[in-house]
Every structure is written in structure tokens, then in C-alpha cells.
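Subject: Structure handover

Hello,

Please find the structure below. Notes on helix packing and cavities follow it.

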Amino acid sequence: MFSLKQLSPTITDMIRFDHSHVMVTFHQYTKDKAPSVKKALAETICTALEIHATLEEEMFYPVMRQLDKGEPFVHKAEPEHNDMRRIISELRRTSGSDPRHDKLILELMRDVIHHVADEETTLLPQAETLMSKQRLSELGAQMTKRRMELVAPKAGKLAKSHAVGFSGSTAAMVVGAASALLALRTLVKKPSMPGTNRTWKHANSTPGQ
């Protein structure tokens, strides 16, 4: 029997996609951009990181601690998230025309890149070794549901920041295409059975959209 949980993107794939989304957004941030564009890009990055960190802390790290109590990164990951939250808070209080804004976004992304490198070379491969594909997909489905809850109150603000930050950029098309591909992986129609008319519906949302 088909299961939406089994057909969902795995939790590790979703985490990698979040990382890619933040990096694509950061690549649009340059010192010569208008202050309003800088603020929009920074807000997209900050909100995406906040949602991503919450999802990992609620749904991924607890599972990994149970499976591998000796893995050092999983124990330092949340303190690293808290360091990023501190910079995000300061960044939001800084005008896009203030030179400190550029310095803060670079400081934030240095931390992000270091964190992502550890996660993608250590924790995610370890998760894929310790858990079956079915379990990873079940966790991915749970993460999708929780993501929708976190994104819903911020949807309007996210859309506005994304539109301003990516205005006129081909990278916006890259992000959109990647989001569409991720969504398609969760859109599965169940074959019709005699006497039934049920279909599977997708339930997916991406950071920063």
C-alpha cells in the first residue's frame, strides 16, 4: 500500500535543500545593491535560517541524539544555532545603508557555511547510515507538516522580501525551479481502486518562499 510518508522527500534531502536555498539567496547579496534590496535579502536569509533551525531542533537532532549519543556535532549544533540567532537579531536592528549591515551578513554566513559543512559531511551521512529510507521519508513528511505551520504566519512577509531581493535576478528562477522539483516529489496520485475515489495530495512548502 502506498504511503505519503514513504514518498516524501527524506528529512536529510530537505535539510540539504534548505542549505542550498540560503546559499543561493546569499549569492545575490553584494555591497553595491540598494539598501532596500540588502534588507530584503537579509530578511529572507534570516527567516529561512530561523525556520530551518527550529525544524532541526524539534525533529532531527533529538532523533540523532538517540541513535548516536557519541556524535559530537549533534551536541554543539544547537549552541551554533543560538550564535546565529544572536547575529540575526542584531542584523534586523541594522539599516541596510549602515556599513555594519554588510559586516553582519558576512559574519552570519561565515557561521552558516561552517555549520553546513559539518552537517553535510558528518551528520547527514551518519543519519542516512543509521536510518532506513522509509524512516528518513517518514521524518521528512513530519518536517513538511511542521514547516507549513511555521511558514504560514510569515507567508506574506516572506513573499515580499523574496520579490524585492530577487527582483530582476535569474537566481530567482533557479530557486523557483528547485522548489517546484521538491514539491513534485511529494505529489503522488494513488491509483484508482474499485469503489474508491481517493487521491494523495501533496503537502510541501519551501524556506524562504
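In which kind of crossing does helix 3 pass helix 7, left-handed or right-handed? Helix 3 passes helix 7 in a left-handed crossing (left-handed if the near helix is turned anticlockwise from the far one by less than a right angle, right-handed if clockwise). Helices here are DSSP runs of H or I with at least four residues, numbered from the N terminus.

Before the rest, the background. This is a predicted model, in which local features need pLDDT of at least 70 and side-chain atom pairs count only at pLDDT 80 or more, while totals for chains, interfaces and linings use all residues. Residues are numbered from 1 along each chain as its sequence is written, and side-chain values use heavy atoms, with hydrogens and water left out.

Helix packing

Axes are lines fitted to C-alpha atoms, for helices over the stretch in contact, and angles run from 0 to 180 degrees between N-to-C directions. In contact (heavy atoms within 4.5 Å) are residues including Ser36, Val37 and Ala40 of helix 3 and Lys157, Leu158 and Ser161 of helix 7. By class, this contact of helix 3 with helix 7 has five nonpolar, six polar and two charged residues (Ala, Val, Leu, Ile, Met, Phe, Trp, Tyr, Cys and Pro count as nonpolar, Asp, Glu, Lys and Arg as charged, and the others, Gly among them, as polar).

Helix 3 and helix 5 pack at about 30°, with axes 12 Å apart. That makes helix 3 roughly parallel to helix 5. Their crossing is left-handed, and their contact has 16 nonpolar, four polar and five charged residues.

Cavities

A cavity is a set of points on a 1 Å grid over the protein atoms alone where a 1.4 Å probe fits but cannot get out; lining residues have an atom within 4 Å of a point. Grid points are joined across faces, edges and corners, and a volume is the space filled by probe spheres set on the points. By this rule there are three cavities of 30 Å³ or more. The largest cavity has a volume of about 130 Å³. Its lining has 15 residues, with Leu49, His52, His81, Met84 and Val112 nearest the centre. Helix 3 gives the most to this lining, with five residues.

Regards

Note on methods: Helices (H or I, at least four residues) and strands (E, at least two) are DSSP runs, numbered from the N terminus. On a 1 Å grid over the protein atoms alone, a cavity is a set of points where a 1.4 Å probe fits but cannot get out, and a pocket is an open set with protein on both sides within 12 Å along at least five of seven lines; lining residues have an atom within 4 Å of a point. Angles under 35 degrees count as roughly parallel, over 145 as roughly antiparallel, 65 to 115 as roughly perpendicular and the rest as oblique.
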